[in-house]
Amino acid sequence: MACDFISPIKALNTAIATHNPFNSPAAVKDSEIWSLIFPDITTVNNHASDDVFQAIEQVRTGQTKVISITISGDSGTGKSHLIHRIRHRLQVQSSGLFIYANAHQFTEVNLIRYQFLQLLVDSLRRQGSQGVLQCQQLATVMINEALKALTPMAKAFTAAELVRKLAGNSQAKNQNWVNQLTEAVFKTQPDVPEPDIVRALVWTLCNAQAPFAVKWLAGKSLASWKADELGLPNHSREERESTAWDTVVQILHLMSDYYPLIICFDDLDSTESSDNSLKRERVVASLIRRLWDSLQMSRLNHGVVILSTMTPATWTEKILTLPAGLVTYFSGKKEVIELNNITGDKIVELVSDWLEIFYTSKNLIPPTPVYPFDSGQLQSLGREQLTVRQVLEWCAENFRPVELDPLEKVEQAFEQAMSIELGEELSNNSLLAEAINFSFKTLIGQTVEGVKIEAVDGEVKPKSANQEYIQFIITGTQNENTVKIGVAVLQDTRAQSVAAGLKRLTQYGTFALSCGCFVRASEREIATHWQAYDYLTQLTVELGGKWVNLKLEDIKPLIAIWSLHRHRQADQFSETEIFEFIAQRRLAIDNPLIRGIVRGETPQATVEVVPEAETNEAVFVEQVEPADQRNLMRDFTKS
């Protein structure tokens with residue numbers, strides 16, 4: 001994963017220890033078939049989904065009315081994942097309506113047709129395209145087609161617009177509106193077999209009435225006052241099975257006027273019977289035959305694809321033992337489409353997608369897309385001929401924090417070093433300079449504030465002239481010009497020592513400097529009567545040098561990480577680990593003190609850098625006359 005920032009290993013391991021995204025059952029549940037977010041590698045078993053999409057296109061264009069397809073795969077090879085893929089594309093492209101029937105739902109011989117009607121209507125109340133339910137999606141296209149037929153220039157509504165419109169109307173106004181729209185559909189489609197189905201579908205656009213309209217479509221009775229309010233005849237309990245199939249065919253007929261349909265029968269593989277006398281495969285076979293016979297006799301603007309999924313054992317041991325006439329309804333003249341086990345490359349892709357959802361939800365960025373797993377480790381699983389489900393189960397069992405990462409050990413040591421209070425260290429020029437010097441060395445080859453750091457030299461020559469007052473020189477490149485920044489950390493309280501150090505910073509020719517940088521805490525005042533005050537004025541006003549404020553919060557992490565580097569052997573850290581930690585946490589490159597030392601290197605400029613208590617950044621003051629500049633310096637040191 002190419003990224004400038006990677007989350008700390010500690011944060012990643014905490015998230016991993018807290019929640020295992022693979023712990024949910026690897027078997028896909030019905031609710032996940034309809035989920036909006038679901039990891040899917042579209043190239044896995046794409047030969048099967050491509051065949052289904054091709055069939056949908058054939059029925060959409062009227063090449064045939066009904067196509068049956070059977071997909072076979074061992075348990076866990078991804079049959080339900082494939083169903084989700086098909087449904088998701090229909091939703092995204094608004095290219096068809098999807099009906100899902102889990103064979104587990106058929107429980108009573110005498111209620112099979114009624115139970116299928118409920119599954120059909122349950123699918124209609126599921127999410128469709130345009131952010132609305134499939135029934136609302138269907139009602140919207142019905143209304144727009146009718147209005148366009150009556151008035152060619154009529155506005156086409158979106159489903160969301162119609163839902164908002166009905167939400168803002170009174171019940172009386174909505175009743176009148178539904179009556180008018182229902183009548184418009186009747187006028188344009190006089191052969192609609194059951195007008196009340198149209199009325200119920202239009203009512204689904206009213207969120208307050210949609211549950212009752214859906215309940216009515218499913219063949220259930222409403223309270224008499226609610227049935228009257230919606231203008232729908234009530235169902236009697238005795239009629240529900242006898243009329244259920246007619247309602248199924250009428251709804252499918254109406255749906256196919258506007259969209260191609262796919263009806264998916266899933267989960268035929270259980271050994272359980274739907275009751276004591278009828279097997280599940282016979283139930284589905286009977287329903288598919290009824291659908292074939294009923295739909296072939298109907299006028300369909302768009303056709304229907306009937307999809308069944310099962311294991312190879314179910315196909316050979318159960319379906320092929322059915323009467324020959326029933327078997328042909330499952331796949332027609334087509335061969336059964338067989339699913340394949342997942343390959344190593346696809347395993348890596350699948351786990352990456354799964355973990356991307358997990359890490360995104362936690363606002364974390366892992367070092368690799370499959371962390372805490374290893375790509376080679378996942379690739380090797382492909383050689384074991386595992387199913388998708390087995391891969392996910394393996395991930396669930398092995399998803400755990402890695403052993404303490406070397407960088408995490410460095411982080412723990414760094415946090416401990418940061419907890420130590422600094423006292424006399426803040427007056428130790430050599431210690432402070434060493435910490436700053438070390439941080440600059442970690443930046444060699446990187447660009448800070450427009451300056452590419454080329455070298456950091458702690459041996460300032462000529463030594464006899466320097467007397468160790470300038471602790472190090474930074475050599476860099478800015479705008480193709482070489483710059484050399486001499487750095488002197490001067491926290492001394494003695495005026496003579498401060499003056500001696502500032503004097504060296506002004507001697508650009510002696511030390512081959514293009515800029516001198518004076519590092520000192522702003523609260524350590526420089527009295528105007530000190531000789532150091534005159535050198536400071538010369539440095540900042542005449543030579544374009546600067547005074548960078550040394551703040552505790554800026555220098556403390558530099559001292560902490562420098563201390564870790566000094567004691568790395570005792571703590572069993574490598575230099576590489578420490579440098580990686582510094583880069584990962586951006587301890588040096590984003591440190592205000594480091595950036596302040598480098599910022600604004602323009603040797604010809606005559607500017608003063610004044611440390612501010614409120615900010616870490618240097619403040620550049622426009623050039624003024626020396627006398628006025630001295631007044632500015634005097635005011636600053638007294639403040």
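## Aromatic pairs

The count comes to 15 aromatic pairs. The model is predicted. One of the pairs is Trp-292 with Tyr-329: the ring centres are 6.2 Å apart and the planes meet at 65°, over the 60 degrees needed, so the pair is edge-to-face. The two residues come from distant parts of the chain. Trp-292 belongs to helix α13 (residues 280-296), Tyr-329 to helix α15 (residues 324-331), and 37 residues separate them. Trp-292 is buried, at 17% relative accessibility. Tyr-329 is buried too, at 18%.

Phe-440 and Phe-472 also pair, with centres 6.2 Å apart. Their planes stand at 50°, so this pair is tilted. Phe-440 sits in helix α20 (residues 429-441) and Phe-472 in strand β8 (residues 472-478), so the contact ties together parts 32 residues apart in sequence. Both Phe-440 and Phe-472 are buried.

## A ring cluster

Which residues do ring pairs link into a cluster? They are Phe-22, Trp-354, Phe-358, Tyr-359, Phe-373, Trp-394 and Phe-399.

## Charges over rings

Lys-226 places its charged end over the ring of Phe-212, 4.3 Å from the ring centre. Arg-290 lies over the face of Trp-245. Its distance from that ring centre is 6.0 Å.

## Cysteines

A search of the whole structure finds zero disulfides. Cys-517 is in none: the nearest cysteine sulfur belongs to Cys-515, 6.6 Å away, whereas a disulfide needs the sulfur atoms within 2.5 Å. Cys-517 is buried, with a relative accessible area of 0%. Cys-206 is buried as well, at 5% relative accessibility.

Conventions
Residues are numbered from 1 along each chain as its sequence is written. This is a predicted model: local features need pLDDT of at least 70, side-chain atom pairs count only at pLDDT 80 or more; totals for chains, interfaces and linings use all residues. Side-chain values use heavy atoms; hydrogens and water are left out. Buried means under 20% relative accessible area, exposed over 50%, partly exposed in between (1.4 Å probe, protein chains only). Rings of Phe, Tyr and Trp (its six-membered ring) pair if their centres lie within 6.5 Å; planes under 30 degrees apart count as stacked, over 60 as edge-to-face and the rest as tilted. Helices (H or I, at least four residues) and strands (E, at least two) are DSSP runs, numbered from the N terminus. A charge sits over a ring if NZ of Lys or CZ of Arg is within 6 Å of the ring centre and within 35 degrees of the ring normal.
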